[in-house]
Amino acid sequence: SEYKVIPITPEWLEDFGFVKEGRSYAMGVHQRLFSGLMKLKFNGKLQMWVFSVGKYSDITRVEFVHQLQNLYFALTWEELTYGGNKWK
């Protein structure tokens, strides 16, 4: 079967547990391997989301859901689950 990339949307972020804060979406993560605040803000010029973590702003750009899932896994060693309401 063929895989299709899924663009990140505000709805996806909310289903992952991110909360809208002004023009950004944020999620506090407190786990054994990582504790901090993850933030995504949409950059209209680039038409991409900009990812920040803790005190590090705009560290990378993400456009697709799988990129965000990979970032989350790299930081926490856990899967970012959809619709699980784990963090809400």
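Is F16 buried or exposed? F16 is buried, because its relative accessible area is 1%; buried means under 20% relative accessible area, exposed over 50%, and partly exposed in between (1.4 Å probe, protein chains only).

## About the model

Welcome to this predicted model, where local features need pLDDT of at least 70, side-chain atom pairs count only at pLDDT 80 or more, and totals for chains, interfaces and linings use all residues. Residues are numbered from 1 along each chain as its sequence is written, and side-chain values use heavy atoms, leaving out hydrogens and water.

## Aromatic pairs

The structure holds 5 aromatic pairs. Rings of Phe, Tyr and Trp (its six-membered ring) pair if their centres lie within 6.5 Å; planes under 30 degrees apart count as stacked, over 60 as edge-to-face and the rest as tilted.

One of the pairs joins F16 and Y82: the ring centres are 6.1 Å apart and the planes meet at 85°, so this pair is edge-to-face. It links distant parts of the chain, with F16 in helix α1 (residues 10-16) and Y82 in the segment after α2 (65-76), 66 residues apart. Helices here are DSSP runs (H or I, at least four residues), as are strands (E, at least two), numbered from the N terminus. W12, F16 and Y82 form one aromatic cluster.

F42 and W49 form another edge-to-face pair, at 5.3 Å centre to centre and 70° between the planes. F42 is partly exposed at 37% relative accessibility, whereas W49 is buried at 5%.

## A look at S24

S24 sits in strand β2 (residues 24-30). With a relative accessible area of 12%, S24 is buried. Not counting residues up to four places away in sequence, S24 touches V19, L40 and K41, where contact means heavy atoms within 4.5 Å.
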